[in-house]
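User: I've got a model open and need a quick tour. Can you walk me through it?
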Amino acid sequence: MELFKIRKDIPFMRHALVLNAVSFVTFALAVFFLFSRGLHLSVEFTGGTLMEVSYSQPADLQKVRGTVATLGFGEVQVQNFGSARDVMIRLPAQKGVNSAQQSEKVLSALKANDPDVTLRRTEFVGPQVGDELAEDGLKALAFVVIGIMIYLAIRFEWKFAVSAIIANLHDVIIILGFFAFFQWEFSLAVLAAVLAVLGYSVNESVVIFDRIRENFRRYRKMNTVEVIDNAITSTISRTIITHGSTQIMVLSMLLFGGETLHYFAMALTIGICFGIYSSVFVAAAIAMWLGIQREDLIKPIKKDNDPNDENSGAVV
Amino acid sequence: MNRYPVWKYVILVVALLLGVVYTLPNFFGEAPAVQVSSAKATIKVDTTTLQKVEDALKSAGATPQSVVLEGTSVRARFQTTDQQLKAKDAIQKALIPDTADPQFVVALNLVSRSPDWLTALHASPMYLGLDLRGGVHFMLQVDMQAALTQRIESLTGDLRSMMREKDIRHGGIARNGQSIEIRLRDAQQQDVAKRLITDQFADLQSREVNNGPDFSLVVSIKPEAARKVQEQALKQNITTLHNRINELGVAEPVIQQQGLDRIVVQLPGVQDTAKAKDILGRTATLEVRMVDESTEARAAEQAGGLVPFGTERYLERDGRPLIVKKQVVLTGDNLTDAQPGFDSQTQEPVVNLTLDAKGARIFKDVTRDNVGKRMAIILFEKGKGEVVTAPVIRAEIGGGRVQISGRMSTMEANDTALLLRAGSLAAPMEIIEERTIGPSLGAENIAKGFNSVTWGFLVIVAFMVIYYAMFGLFSGIALGVNLLFLVAILSMLQATLTLPGMAAMALALGMAIDSNVLINERVREELRNGVSPQAAIHAGYDRAWATIFDSNITTLIAGVALLAFGSGPVRGFAVVHCIGILTSMFSAVFFSRGLVNLWYGGKKKLKSVSIGTVWRPEAGTAVKAD
């Protein structure tokens, strides 16, 4: 089977300007929503209310979960606690409602189903992740950005490093933008997904850069735009298949992973879609705008190279 | 061209065997067990305890699968959780006659069912996180009064030295509950002292109390400062708990503030729950005090009479009483490190302490001034002190390196060192609740995570085989091997697997196939350009390697950052993510190449390879390569 039968190189870079404008607008929108709406942080970040209820008979956790979920508190954890009859419920903090009011609401809803239920205790719990989380998150981000840039700058060239990082952050911000816009719950698992996309998206850019470098060596007659177009075209089958298979995995998580993995898989799905797009149209295009050329990647053997020679790469 | 030397195949086979062996324990599941361990450093669990447990079970009519002494605890395994609960009650009744002073800790536990030969190889199943299999939940109450008292005590000392420095005469400074009372000579001195407190001690407030000719100041801590002390105490206790739990080797614990003075600790996948409880519950602090060697003290020691003023009675390890002065020379706060070791002369187990600069100075002064006298090192656990050792000072000890010896076993030396090293608590705390969180949610999560991995895996392998034929099959096998290695390494490292970890596993598989796609596409491309099959395989693997290396290293950089700075679930994700990248580099490149070499490498005149359709643009139509 062969899905991709491409006769000629697809002129991706011809549309670079328009698509860059599009991605800039998407990016700006994401930033806007991040600031205007903010992220809907989960109980792990904000802290919340912990309730302990007791039934006279072993509790049906699915039913309890269902009942509490209809109250619209967001992510609620329901677990057996100590014995089969005791149930622990964790609710995220809500604006304008205190712990006592929240637990009262939950208890009355539970009582409607089973009058036997009694409230053992209710208490406020602090966030699972401390203040240092934000700091650590930023540190991790800085580490990733600097680490990847140094690596790419050594293995390739600084222009590639810069464009890969821009493309990368672009993806991350857009995922966050989605979460802010739809007010999806941003949990620690989602944070992990976002950070994984950091690595994943750069992976994609590197594959294309690698091809660009190789093409510069192989096809001395091509100019930069042609080299980039050829690199993207010849890796496009791999790109689609790889992302396809990763997406299959993520889809399987979305379908079978249940509620806990739902937003995790969602973040990855967005990450994968924008990862393809950004490495083609953001990373490669920025590298092009930065004026990447053959000499950047291949040390000229003769010093007296004619600057007008077309082999030395076009300046865009 | 496409042949591996024998040693490479040896590596592959050995790796595969190790992978299988270390993955195996995960398939045996776990047995419910009851675990008995010592509640005190002075009580040892040994064969007599084992005998007691066996007797208790026999009289209760419970039939355990096995009762064994493992390290410092006795574990009895059972068929069902019902039997486990019944047995726990029976053992508890038999071993702990006095619940106010328990000698043993009896706890529920899950023990791996994997056979002995696997356990002997240190192959155990993956640690599952609290979200996957439940775990233990502790609620600890912090004694805030004690935190305040401690703060007042230290402020009293500061006040005393400050007044000496400023030359303010006083008739005594004493702590009285949560306040300090300073007696002064006259109104003028009282005024000076009051001003000193307002100027120098921002946390304190003072009130004048005049009773006829007596002038005094009652100093107390300001309410906002008291609140700060409590907040700090809670924070420091949480930090200390973190340290202690790290010493236990539990990955990804949940340590959370609850209410104003409570801390919740959840330990997922803990095997030795009794030990965990023991370590958490201990509030060990070390104090160095001088032994009172006056005749009254001697008399009190021997006859058990009234202790002289300013002294206290503590018991030594062997049960003999010792009268020590109340004044504390040195506390555990001045301790920077504690390590178990052996005395170079007597070969006795000892604990080596390292003191900070201040501690070293005090220690030097005290030992110089008290040559020939005895000094007691007292370990406080759960509010009760016990004299570890009370040696005679033979010479001045400088340099801040101190050795505690005193009829300890190696185990005790280890425990004491661990306790001291894990840091001191700002305020004592006790476990007010201990629960086992049910694995109900966990079983569901495991099933979900497992399903998503399985379905994703099957679909990917099916696609690869259809699209790349034989090469797709090789890739599929390599992917399976990757999963095997991943599970094996996670089991080996005993890293905690959480739901995000399972997600990382699924993602790792999705990304691992990338390397194979890169290789297969490259081989096809070479074939499309008319290169001979053997050369195409060679070039495909060779050229793709650079790309695979670069892209995996960059992904690894992100993974390492998550590992370094992440906490909780993020860390759980990162561990699996990083290991997944490493195993995928091994399996997708090295292992799949091995398979390909084995299949095609030996054929000298290879006409075609089975890698699906290789489409050639110049021909305009599809040309079958196989």
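User: Strand 6 of chain B: how many of its eight residues are buried?
Analyst: Seven of the eight, so the strand is mostly covered. Buried means under 20% relative accessible area, exposed over 50%, and partly exposed in between, with a 1.4 Å probe and protein chains only. Strands are DSSP runs of E, at least two residues, and helices are runs of H or I, at least four, numbered from the N terminus. This is a predicted model: local features need pLDDT of at least 70, side-chain atom pairs count only at pLDDT 80 or more, and totals for chains, interfaces and linings use all residues. Residues are numbered from 1 along each chain as its sequence is written, chains are lettered from A and ligands numbered from 1 in written order, and side-chain values use heavy atoms, without hydrogens and water.

User: Which strand is strand 6 joined to?
Analyst: Strand 12 of chain B, residues 262-268. Seven bridges join the two, and they run antiparallel. Strands pair if DSSP finds at least two bridges between them.

User: What is the partner of B:His137 in strand 12?
Analyst: B:Gln266 is its bridge partner there.

User: Now B:Val142. Is it buried or exposed?
Analyst: B:Val142 counts as buried because its relative accessibility is 2%. B:Val142 lies in strand 6, residues 135-142.

User: What does it touch?
Analyst: Beyond neighbours within four places in sequence, B:Val142 has contacts (heavy atoms within 4.5 Å) including B:Leu234, B:Ile263 and B:Met429.

User: Switching to chain A. How many helices and strands?
Analyst: Chain A has 10 helices and six strands. Of its 316 residues, 54% are buried.
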